[in-house]
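Please have a look at the chain and the fold below, and then read my notes beside them.

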Amino acid sequence: MSRLRELVIGTALVSVIAMPAAAGKLGLGRAALPEEIAAWDVAVLPDGTGLRPGSGSVEQGEEVFAEACASCHGEFAEGIDSWPVLAGGIGTLTDPRPVKTVGSYWPYLSTVYDYVHRSMPFGGAQTIGVDDTYAITAYILYSNGLVEDDFVLSDANFREVVLPNADGFYPDDRDTTEVPLFSGEPCMSACGPAPQVTRKASDLGVTPTDPDGRPAGTLPLLLAQADAPAAAAPAAAEAAPAASAPDPALIEAGEKAFKKCSACHKVGDGARNGTGPHLNGIVGKAAGSVDKFKYSKPLADMAAAGLVWDAAALDAFLANPKGFMKGTRMSFAGLKSADERAAVIAYLATFAE
């Protein structure tokens, strides 16, 4: 046996003998303390395991959501730009472009709580306390029409909340149902003629569109809308009769308050339907009469019954949309201040049809 071969064999034996020791302790650090592990273990499971004691109401959640979440997800969880929408979309999962939200798609509420507590807000993960996390989760439930505005979510009733799509998920069985269909030897003979593109989807009229005629899912023209009221308000105010001229300060306050509505509704010159109908001439107008907007069934029913958006009806609707109109698609908690509602109505009254 050569000297080199003896050296190789000897090195291998030493390595094999030393392996158990290397796979064990490295001699670094110390065992984590139970309280250290508990501090990192923030997971909450679908059965409620991991929930911290605490509670939060819809009302509290609206305030916290406005401060910590609305800049990305909108005042009413409607989503802004490319940030996810969190409310609405129930019943759309079979549509060509389903709207996947907490209400329409998520199976477990624990995922909402866990994600908010673990990762939100963006850039400030784990800065939201336990009670505020319950409150935000409660507000998201309310925004989806799943609880009333006086609901309080806590570790005691958390398990009682069942999301609409809880039964919509099933184990991935593609390994047994699909893979065998496509794992055989491909047929590479007697092929037919090569396919040719003869017409486009736009020619066939199969491209989904929104009620305003734009491609389905098109985001509202936020920037254009934001500029429109400032340009249109003076002209509308000038057109009003001197005897009933509205209070300029009230209109100005209404313009500011209307920003809560502007993500979905547009007013002013060139206003078009978006997530909601445009609101030009809305004060005194018959409900459900904006052209080319597809209204929800509850609103269509109330419109058929003669609902007119006069100041009183608008005030009642803005105060509590879901209470005024059960089943409305509008994810809006309402304007709690009577002064704020009066200002918004005064502002809208400055826009003619």
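The numbered points below go from the whole chain to single residues.

1. First, some ground rules. This is a predicted model, in which local features need pLDDT of at least 70 and side-chain atom pairs count only at pLDDT 80 or more, while totals for chains, interfaces and linings use all residues. Residues are numbered from 1 along each chain as its sequence is written, and side-chain values use heavy atoms, with hydrogens and water left out.

2. Now the overall picture. The protein has 15 helices and four strands; helices (H or I, at least four residues) and strands (E, at least two) are DSSP runs, numbered from the N terminus. Of its 353 residues, 36% count as buried. Here buried means under 20% relative accessible area, exposed means over 50%, and partly exposed is in between, with a 1.4 Å probe and protein chains only. Among contacts (heavy atoms within 4.5 Å) between residues at least 6 apart in sequence, 56% join residues at least 24 apart.

3. Along its residues 58–68, V58, G61, V64 and F65 are buried. Why do they sit on the same side of α3? They do so because they cover an arc of only 120 degrees around the axis, the arc being that of the directions from the helix axis to the C-beta atoms. E59, E63 and E67, on the other side of α3, are exposed. The packing partners of the buried residues of α3 are β1 (55–57), α4 (70–73) and α6 (130–143).

4. Leaving aside neighbours within four places in sequence, F65 is in contact with several residues, including L86, I136, Y139 and I140. As background, in soluble globular proteins, nonpolar side chains tend to be buried together.

5. A search of the whole structure finds twelve aromatic pairs. Rings of Phe, Tyr and Trp (its six-membered ring) pair if their centres lie within 6.5 Å; planes under 30 degrees apart count as stacked, over 60 as edge-to-face and the rest as tilted. Y134 and F158 form an edge-to-face pair because their planes are at 80 degrees, with ring centres 6.3 Å apart. This pair links distant parts of the chain, since Y134 is in helix α6 and F158 in the loop between β2 and α7, 24 residues apart. Both Y134 and F158 are buried. Ring pairs also link F65, Y139 and Y142 into a cluster.

6. Is N144 buried or exposed? N144 counts as buried because its relative accessibility is 7%. A polar atom of its side chain lies 3.0 Å from the backbone oxygen of L86, and one lies 2.8 Å from the backbone oxygen of I140. Such a polar contact is a pair of N or O atoms within 3.5 Å; within protein, one must be able to donate a hydrogen and the other to accept it, and residues adjacent in sequence count only if both atoms are side-chain atoms. N144 and G88 are 56 residues apart in sequence, and 5.6 Å apart in space, C-alpha to C-alpha.

7. N157 is in the loop between β2 (152–154) and α7 (174–177), and it counts as buried because its relative accessibility is 15%. Its side chain reaches the backbone oxygen of V152 at 2.9 Å.

8. Finally, helix α13. Within its residues 311–319, A313, L314, F317 and L318 are buried. They are on the same side of α13 because they cover an arc of only 125 degrees around the axis. These buried residues pack against β4 (308–309), α14 (321–324) and α15 (338–348).
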